Amino acid sequence: MTPVPVAVLVSGGGTNLQALLDALRDSAVARVACVVASAAGAGALERARRAGVPAGVLTHPDDAGEVVTAIGDARLVVLAGYVKRIPPAAVAQLRWRVINIHPALLPAFGGPGMYGRRVHEAVLASGVALSGATVHYVDEEYDRGPIIAQWPVPVRPGDTPDTLAARVLEVEHRLLPQVVVDLARLGVPAKPVRLAAGGSAFVAADQLSVRLGDDR
Ligand code: GRF
């Protein structure tokens, strides 16, 4: 099997990119074929350079043609801390081949303007006991495409946006490579899929419901 070529789109420091580079380094299933940044200052570009992966910077992230050209022959496109909107014409052309990672349990705490620290501030302000990471398909609406996999993370008393972000980020670094490998193994399906990738909390919850069922 030839590894599925993956394009990773970035805007920031690129720790999720690094997790993908590390996880896929010797993979026969998927490989990071190129990195595309929305701005020249993205720290992620240095990570691409160090890994010897071709990297480019978009001059007009709103230009669908430029985005599609930058992605080249990649079969799967991963938004890893990419803050620009994918132009609708590019979304249409790449339907169900573009995925995004979001640092909360969507559909809560998502949407326009909900990125970075603001997500964790909103989670803490709401008083929920659970946050987490979500990988979902990118469609025309911010953070609303079909969910592929989620991994819950507890919100702890005394959490600050930074402590919560760090706990969620650790999980992101495990979830994203799992999803990429699973989608690549499936040949990047032409229709949305829901994967079992993610944390053990779901397994525990399933076992609990089975046990409760047995007791009745
Ligand atoms: C991550 O929290 C990701 O979920 C969000 O932006 C952050 C990117 O971090 N979309 P990094 O650039 O991968 O370190």
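This is a predicted model: local features need pLDDT of at least 70, side-chain atom pairs count only at pLDDT 80 or more; totals for chains, interfaces and linings use all residues.

Visitor: Which residues of helix H2 are buried?

Guide: In H2 (residues 44–51), they are Ala 44, Leu 45 and Ala 48. Buried means under 20% relative accessible area, exposed over 50%, and partly exposed in between, with a 1.4 Å probe and protein chains only. Helices (H or I, at least four residues) and strands (E, at least two) are DSSP runs, numbered from the N terminus.

Visitor: Why do they line one face of the helix?

Guide: Seen down the axis of H2, the buried residues fall within an arc of 105 degrees, so they line one face. The arc is that of the directions from the helix axis to the C-beta atoms. The face turned away from the buried side carries the exposed residues Arg 49 and Arg 50.

Visitor: And what covers the buried residues?

Guide: The cover includes strands S1 (4–10), S2 (30–37) and S3 (55–57), together with helix H1 (15–24). Contact means heavy atoms within 4.5 Å.

Visitor: On to the sheet. What is the order of its strands?

Guide: Seven strands form an open sheet with mixed pairing, in the order S3-S2-S1-S4-S5-S6-S7. S3 and S7 (147–154) are the edge strands, each pairing on one side only. Two strands pair if DSSP finds at least two bridges between them.

Visitor: How many bridges join S2 to S3?

Guide: Three bridges join these strands, which run parallel. Val 36 stands opposite Gly 56 in S3.

Visitor: Which strands does H1 touch?

Guide: H1 packs on the sheet, touching S1, S2, S4 (76–79) and S5 (98–102).

Visitor: How do H1 and H6 cross?

Guide: Their axes come within 9 Å and cross at roughly 50 degrees. That makes H1 oblique to H6; angles under 35 degrees count as roughly parallel, over 145 as roughly antiparallel, 65 to 115 as roughly perpendicular and the rest as oblique. Axes are lines fitted to C-alpha atoms, for helices over the stretch in contact, and angles run from 0 to 180 degrees between N-to-C directions.

Visitor: Which residues make that contact?

Guide: Among them are Ala 19 and Leu 20 of H1, and Leu 169 and Leu 176 of H6.

Technical notes
Residues are numbered from 1 along each chain as its sequence is written. Side-chain values use heavy atoms; hydrogens and water are left out.
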